[in-house]
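Colleague: I would like to learn how to read a structure such as this one. Can we go through it feature by feature?

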Amino acid sequence: MSYHRPQDLASAYHLLAERAPRLLAGGTDVYASSEGPGRPDGAELLDITAIRALHGICPSPQGWRIGAATTWAEVAGADLPPALDALKQAAREIGSPQIQNRATVAGNLCNASPAADGVPPLLVLDAMVETGSLRRARMIPLRKFVTGPRTTALRTDEMVIAVHVPASAGKGASAFEKIGARRHMVISIAMAAARMVTRQGQITEAAISVGACSPVARRLTAFEKMLKGTAATRIADLRPHLEQELAECLSPIDDLRADAAYRAHVAGALVLRCLARAASGATSQPESEGEGP
Amino acid sequence: MTEVSMTVNGRPVRADVPDNTLLADFLRENLELTGTHVGCDTAQCGACVVHVNGRAVKSCNIFALECEGAEVATIEGEAAPDGTLSAIQQAFQDHHGLQCGFCTPGMVMSAKALLAENPEPTEAEIRAYLKGNICRCTGYHNIVRAIMAASGQDVSNIAAE
Amino acid sequence: MPADGGIGASTRRREDVRFLTGQGRYTDDINIHNQAHVFFLRSDMAHGRINGIDISAAEKMPGVLKVFTAADFAEVGGIPCGWQVTDRFGEPMQEPKHPVLAEGFVRHVGEPIAAVVADTLQQARDAAEAIEVDIEALPAVVDMAAALEDGAQKVHEDLKSNLCYDWGFVEENRDAVDEAIRKAPHVTTLELVNQRLVANPVEPRVAIGVHDRADDEYTLYTTSQNPHVIRLLMGAFVLGIPEHKLRVVSPDVGGGFGTKIFHYQEEAFCTFAAKVVNRPVKWRASRSEAFMSDAQGRDHVTKIELALDEEGHFLAIRTSTLANMGAYLSTFAPSVPTWLHGTLMAGNYRTPLIYVNVRAVFTNTVPVDAYRGAGRPEATFQLERVIDKAARELGIDPVEIRRRNFITEFPYETPVALTYDTGDYHATMDKLMELADRDGFEARAAESKKRGRLRGFGVNCYIEACGIAPSNLVGQLGARAGLYESATVRVNATGSVTVMTGSHSHGQGHETAFPQVIASMIGIDPSQVEIVHGDTARVPMGMGTYGSRSLAVGGSAMVRAAEKVIDKARKIAAHLLEASAEDIELKEGRFTVKGTDKSVAWGDVTLAAYVPHNYPLEDLEPGLEETAFYDPANFTYPAGAYACEVEVDPETGKVTVERFAAVDDFGTIVNPMIVDGQVHGGLGQGIGQALLEGCVYDDEGQLLTASYMDYAMPRADDLPFYSVDHSCATPCTHNPLGVKGCGEAGCIGSPPTIVNAVVDALQRAGHDVTHIDMPLTPSRVWAAMQG
């Protein structure tokens, strides 16, 4: 195995193009997926953590830019508006504090596990993934970036530079919920995130996502539309519609952690809990539709 | 082989290591600091927790080369040079927070990181923070008590017997 | 707490200092000069016929010293089984050969097929990838019931079937029990699974074999709970090395929980290979290897029937169990579902008639053997669950039905061959009700309801047979070893004491607790007493630590040896004081002539023993060192009552343990702090079994739970603080300390407590749920609520 730790993006792009290495940021998924002496497997590893441009969370008028080497601990500790609470809550749920100190937001997306904690919150934040390579730069919506279990739209010579949350998604409040066999350090059985904007108790905008119940985490767009104009206090009345959409768009699996019927049910329960928490966060805010970056 | 240098428990060290040498193996094999234990290889058990630049990490989950120039702290650096136990170590002994001792170095290093960021954690905060450290012996009762005691809280009313 | 740090003092543990400072010395911390490393090529198939192994490419790989296969072990014995069970027809169990490396067939995922010894582990691993094994897949035998069907695929071609044994106990009672159940006014029936568990000490197993050509001596460093037993089993049965040429060392061991009792292939391999390659050979299990090679636990499928009269008095119990042995018989595997399980079916209750049937089954899975509690948790779980179900069916309070049936007179002879010496089950239950605050439960349940949670209260008792046990008895029951313990008490010239004990400490705190006993006996400071264990070269003989036996058996041996030492010292003191030995008493470290102020200090007597200038040389040898072997007269019977409160989230099925109270009768307590810790740890594992843990194989025999991610052990935030009490002590009548053993209680008593509480919570909320199999995952609890 050989290990590369470039100091700048240009060197990283060259290494990517020439050697097709596996990318290493926090490394927490890379190590966990391999075993034995000489871990991790793979002849070439490209450690991107020495590249300064990839670090940190920068607010701008366009939104928030989360550099590819930004750790979950940094997200959890960042000063972000209530609309990004779901992301901060997921940050505290990922692995353990020692993992959060190393694991990155971008790495979580690139690993593309159906049960990745980072995906549902970023989906309700309409996140975009910025990629770079020697040849070109791209901005890919997250819902198109993760293409299947363990697969992404990333080409072999490309790497993620940053994850962007647009300013338009900075409105309202959000929440994240998940359930596993035990509270922590286990692959989730189901997870959900919701973001909501309200005006005078009426929902003006809702974004809902569910993870670990389908190959890729999903937005519930039909139910989101139905919520528009509804009183935040009446969400639970619409549960049959929620369950209908879940039944249509999710493909939960039977495995040793839980069976499919349970996953489908609990996903609905988690969505409702997220919505209730997001609603209480959104209605407690001034009527300015949240804060800008 | 690549040369790596870092500071471990305040002492500068330098060695040529294969690129894929994990920090845990570097500490145990190259430096003979065998207090850092490896229990699971998959970043689940936490027996290998050390501090890198002041932050708790799992040393089975990071290459030695990633620690180039870093300040690394291990369990061997916890007690005073004369052997006097640190407040956390002493609390673990006073409250029987260990049995077989294998997870203990990681527990102590995690507890230290917790108290550094939260000097008087609640029971729930301690339990949540320890989610990256498995102890199979104690049922955690006395570990949680020890950390509360180390932070200056009165634990005499917590059921002990 | 005694001021002298003797028996009854919560003395801080002396071993903690080295563990807390990173100075513990575990097996993996040992590196021998010039050592080589072994990597085992393990089967990724549960069942298959090996048609050929081509090692030629691997042998040429860099750094490779030798590639081993079964052919290299042709002259070597198989891994022995230490217990032979006789079936209910008087025939011995079926006992397959258990080779060091797979011979002709692979029979479980993880079975070692070949082993590469190389300069570095990386080289060994790389070379192992170059070994070509031609294996023809055979159907995997996974389900126990299917394994027993006529014409089922056999795990071992050379055996008659997959049935290891069909055991009946007490066979003579079979018809009487059938009749009592037929005629009973009420019979409660429960079918349940006691799921397979993995012990998972956090320290993986390690073995280092060393051979010294100069004098043909072997040393094995290994993570064992009983190095002398390994020396005997490996030396005599596998490799043919006599004891005086084989030293086994188990230094600090990072938890055992039963799984480090047994003799494993890797130990024999490293010892054998060290001679062949003429280099020390080291092996450390990765965690996934541990999941595939450490003996696993439990795995019983049981039907239990409890016959009662209208008032809830127990009339008879009949059980039928399938017990999984896995692919081979691990060291003590046959004894677990039989003598450690069937004999406990009386529990704490007067039940006149009991019949236990156990069929042990071979499957293509990792071998199963003793895990903390070993047989007794399986007995306790089914008994306490069926009692709870019966109480609900008859409308009797679960505490009351237990009280109505408690054994109240001791000694009590059960219908399943045990004689309980002491106990006070009513006192224990009284204490539990106070500690658990049962009176406050309704108010807490109402508060939970306000938060949308369902609260339940669970209660049960347990009894265990510990401190195993009389050698002549276990010999009759099929044990191929004695179960005594030995200790040598060496008094040094200046009065300090070194105790060599055959017990092994891997978390239990012997280095602290054992000196407390000696200190109390002699009246010296405990710091003057040192404990030596874990090395066959330093300790004459030992049977090791398991079954909560260290203090009851090993401690008793130490007391007997200390008594001999004190006896001799008294004679020396009598000589020095010019008095008769009968008139000399030892108090607070001084020998005094009764009724006088004439005395001599302990240290002066011990010095005289080694500098015998003024000494009765004609009557006594110089020196002060004695050895004792203690063979107990009976098992010890720790017993207790546990209660807990759980909350169930009705939307997600998630169970949380809100309160847990444990009242145990352990007899005499030497170090209350350590005893509390043992209970806490047992509770953690028992609650883990109830809510989280389960080892799962798919239909092809693939192990689905092979990492700490998929096998969910409890973490700190899965567990509550516990309230534990051991004030209701009825000391054991037949060992010198009156101790009973405390290491397994928490793990035995707590699984039914949790399940009883969850069933209570669901029934109180109107759900018709009578049982849920463990682990009570959110998914299972929610499914049960849906009916």
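This is a predicted model: local features need pLDDT of at least 70, side-chain atom pairs count only at pLDDT 80 or more; totals for chains, interfaces and linings use all residues.

Colleague: Let us begin with chain A. How many helices and strands does chain A have?

Modeller: Chain A has 11 helices and 14 strands. Of its 293 residues, 56% are buried. Contacts can also be sorted by separation in sequence. Among those in chain A between residues at least 6 apart, 67% join residues at least 24 apart.

Colleague: Into which domains is chain A divided?

Modeller: Domain 1 of chain A covers 54–168, and domain 2 covers 173–283. Their C-alpha centres lie 20 Å apart. The contact between them takes 24 residues from domain 1 and 26 residues from domain 2.

Colleague: Which elements of chain A give two or more residues to the domain 1 side of that contact?

Modeller: They are helix H4 (85–93), helix H7 (119–124) and strand S8 (146–148) of chain A. By residue type, the domain 1 side divides into 16 nonpolar, 4 polar and 4 charged.

Colleague: Take H4(A) on its own. Why is H4(A) described as largely enclosed by the rest of the structure?

Modeller: Start with helices in general. An α-helix has 3.6 residues a turn, so residues three or four places apart point the same way. In H4(A), 7 of the 9 residues are buried, so this helix is largely enclosed by the rest of the structure. The cut-off for buried is 20 or more other C-beta atoms within 10 Å of the residue's own. The buried residues of H4(A) are A:Asp85, A:Ala86, A:Leu87, A:Gln89, A:Ala90, A:Ala91 and A:Glu93.

Colleague: What do the buried residues of H4(A) pack against?

Modeller: Their partners in chain A are helices H3 (72–77), H5 (97–100), H7 and H11 (260–283), together with strands S11 (173–179) and S12 (190–199). H4(A) is followed by A:Gly95, which has a positive phi, near 50°.

Colleague: Now a sheet. In what order do the 5 strands of the open sheet in chain C lie?

Modeller: The order is S7-S15-S14-S13-S8 in chain C, with mixed pairing. Strands S7 (163–169) and S8 (186–197) of chain C stand at the edges with a single partner strand each, so one side of each has no neighbour in the sheet. From one strand to the next, the twist averages 10°. Within this sheet of chain C, S14 (residues 314–326) and S15 (residues 353–362) run parallel and are joined by 10 bridges. One bridge pairs C:Ala316 with C:Leu353 in S15(C).

Colleague: And between chains: how many residues do chain C and chain B give to their contact?

Modeller: Chain C gives 46 residues and chain B gives 48. On the chain C side, helix H1 (16–20), helix H17 (672–691) and strand S28 (723–725) each supply at least two residues. The largest share of that side, 9 residues, comes from H17(C). The chain C side divides into 19 nonpolar, 16 polar and 11 charged residues.

Colleague: Last, the core. Which residues touch the most other members of the largest nonpolar core?

Modeller: That core has 414 residues, and those touching the most other members are A:Leu109, A:Ala194, C:Val38, C:Val116 and C:Val758. Helix H15 (residues 550–577) of chain C gives the most to this core, with 14 residues. Take C:Val758 as a case. Leaving aside neighbours within four places in sequence, C:Val758 has contacts that include C:Gly456, C:Val646, C:Ile772 and C:Val781.

Technical notes:
Residues are numbered from 1 along each chain as its sequence is written. Chains are lettered from A and ligands numbered from 1 in the order in which they are written. A nonpolar core is a set of buried Ala, Val, Leu, Ile, Met, Phe, Trp, Tyr and Cys residues joined through C-beta atoms within 7 Å. A residue is buried if 20 or more other C-beta atoms lie within 10 Å of its own, exposed if 12 or fewer, and partly exposed in between; C-beta atoms are placed from the backbone. Helices (H or I, at least four residues) and strands (E, at least two) are DSSP runs, numbered from the N terminus. Two residues are in contact if their C-beta atoms, placed from the backbone, lie within 7 Å. Domain bounds come from an automatic or database domain assignment. Ala, Val, Leu, Ile, Met, Phe, Trp, Tyr, Cys and Pro count as nonpolar, Asp, Glu, Lys and Arg as charged, and the others, Gly among them, as polar. Two strands pair if DSSP finds at least two bridges between them. Axes are lines fitted to C-alpha atoms, for helices over the stretch in contact, and angles run from 0 to 180 degrees between N-to-C directions.
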